[in-house]
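Have the model open in your viewer and your selection tool ready.

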Amino acid sequence: MSLRRFEYALAVAEAGSVTAAAESLYVAQPSVSQQIRALERELGVTLFARTPAGLVPTAVGRAFLRDAEVAVRAAQRARATARAGAEELDGELVVAAQMGLGTRQLPGALSALRRRFPRLEVTVFEEANPTELERLARRGVVDLVLMAGSCDGGPYVGHHLGDEEFVVVMSPEHAQLAGERVELRVLERRAWIRFDHDSALDGVLRDVLRDNAMSPATVARVSQTATAVRWAAQGLGVTLVPTSAVPPGFEHLTRPVHPAVSLPTVAAVRPRTGPAEPALLEFLRQETWHHTGFSVSGSETAYNWVAPPSVTNSIPVL
């Protein structure tokens with residue numbers, strides 16, 4: 001049973017057809033068909049159901065594909081580790097980031113990683129749902145996870161990078177009248193732009209509203225932080241997002257809130273990895289994560305970034 005057959009099966013499952021899978025693998029269509037049939041004979045099961053819409057994994061096929069993906073990822077990491085001694089690291093590094101965290105820091109760290117290992121392929125998933133993040137991690141298909149809070153009890157080792165402070169985003173008219181810090185209670189009279197119900201960011205908002213006995217109206221729900229910021233800037237409502245998730249050019253519309261809202265940012269790394277994961281972790285540590293102080297002067301940047309706090313300070317502040 002070869003890993004190549006595993007890769008063919010995964011490609012067919014993703015593409016939904018042998019033809020499309022062959023194109024993505026740069027091989028002939030008959031070769032893919034033969035390998036899939038040989039794999040099914042070897043396993044003694046039917047992996048795919050032939051339907052008018054294409055090939056669909058059967059129940060046993062879905063179970064097999066989950067483990068096949070883990071095996072293929074492990075083989076890729078093993079090859080990459082073996083070649084790393086000559087600084088020719090290749091293969092694929094899979095990173096998952098909780099939506100809204102590391103929006104500014106992650107691109108810089110990934111760029112530095114690519115400069116060190118130019119042949120390394122990096123795939124990044126931004127995921128709003130913490131349950132889905134956990135599922136990806138447990139399947140073993142993610143090498144590093146950027147998340148809020150701890151990762152106790154899992155197969156990954158957590159490294160505290162710093163704390164993300166949340167800021168409220170308002171329209172230009174309201175921002176001109178706001179002070180250096182906005183009382184949360186004042187925002188109860190405003191309509192709020194919130195996030196999908198199952199997202200980690202909306203979970204933070206629910207906790208903030210509950211702990212401050214607030215029940216403002218929700219005017220919209222969005223799936224991306226950039227959308228929430230832009231809609232708030234247009235006056236649709238206010239929103240609360242991590243500081244680094246504010247797109248450039250919108251900083252003057254943001255204010256920290258009182259009581260302060262912040263979350264620890266953790267890089268969860270698979271133990272006993274190759275050189276790519278520790279290198280990315282080091283580049284992430286070099287980024288600035290903790291924000292204190294605020295200025296509302298003219299067009300100057302609203303943020304004063306300082307070094308991350310002590311690693312012992314890993315409790316969400318609400």
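Start by selecting helix 1 and helix 3, which are roughly perpendicular to each other (an angle of 65 to 115 degrees counts as such). Helix 1 covers residues 3–15, and its axis packs at about 110° to that of helix 3, 9 Å away. Axes here are lines fitted to C-alpha atoms over the stretch in contact, with angles from 0 to 180 degrees between N-to-C directions. Helices (H or I, at least four residues) and strands (E, at least two) are DSSP runs numbered from the N terminus.

A word on the source: this is a predicted model, where local features need pLDDT of at least 70 and side-chain atom pairs count only at pLDDT 80 or more. Residues are numbered from 1 along each chain as its sequence is written.

Now show side chains at this contact (heavy atoms within 4.5 Å).

On the helix 2 side, select Val18, Thr19, Ala22 and Leu25; on helix 3, pick Gln29, Val32 and Ser33.

Finally, move to strand 3 (residues 91–98) and strand 4 (residues 120–127): they run parallel and are joined by eight bridges (strands pair if DSSP finds at least two bridges between them). Click Val94 and look across to Thr123, its bridge partner in strand 4.

Definitions and conventions. Side-chain values use heavy atoms; hydrogens and water are left out. Angles under 35 degrees count as roughly parallel, over 145 as roughly antiparallel, 65 to 115 as roughly perpendicular and the rest as oblique.
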